[in-house]
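Good morning. Please look at the screen.

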Amino acid sequence: MTYSIETSGGYVHYQECNTGSGTTEQGYVKDMASDGQCAIVYTVLNGAGKNGPIANQAKACPKGTETQFSWYYPGYAPVQVAVYLKEV
């Protein structure tokens with residue numbers, strides 16, 4: 001499945017793939033605003049919510065910067081991996 005998340009200054013586009021033995025999240029995050037902040041995509045596992053422990057993260061800044069990411073979570077089903085976008 002392919003997903004996108006957008007905020008006022010950031011954008012993430014990613015694909016989620018379940019291989020049967022784990023889940024892969026891959027795509028890119030892009031900083032969309034000249035606001036002094038960075039766009040950060042991150043994952044949290046096992047339903048911990050957006051404030052749970054971060055499993056992985058990728059950052060893009062300044063404006064126009066695009067950062068690729070590819071993360072594999074062996075043994076995790078897609079419903080156990082949540083992807084979030086924030087600006088800091």
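How many bridges join strand β4 to β5? Six bridges join β4, residues 39-45, to β5, and the two run antiparallel. Strands here are DSSP runs of E with at least two residues, numbered from the N terminus. Two strands pair if DSSP finds at least two bridges between them. In this pair, Thr43 stands opposite Asn56 in β5.

Before going on, this is a predicted model: local features need pLDDT of at least 70, side-chain atom pairs count only at pLDDT 80 or more, and totals for chains, interfaces and linings use all residues. Residues are numbered from 1 along each chain as its sequence is written, and side-chain values use heavy atoms, with hydrogens and water left out.

Now the sheet. It is open, with three strands in the order β5-β4-β7 and antiparallel pairing. β5 (54-60) and β7 are at the edges with a single partner strand each, so one side of each has no neighbour in the sheet.

Next, Glu87, which is found in β7, residues 81-87. Glu87 is buried but has no salt bridge. Buried means under 20% relative accessible area, with a 1.4 Å probe and protein chains only. A salt bridge is a side-chain nitrogen of Lys or Arg within 4 Å of a carboxyl oxygen of Asp or Glu. The nearest side chain of opposite charge, Lys63, is 12 Å away from Glu87; Lys and Arg count as positive, Asp and Glu as negative, and His and the chain ends are not counted.

How values were computed: Helices (H or I, at least four residues) and strands (E, at least two) are DSSP runs, numbered from the N terminus. Buried means under 20% relative accessible area, exposed over 50%, partly exposed in between (1.4 Å probe, protein chains only).
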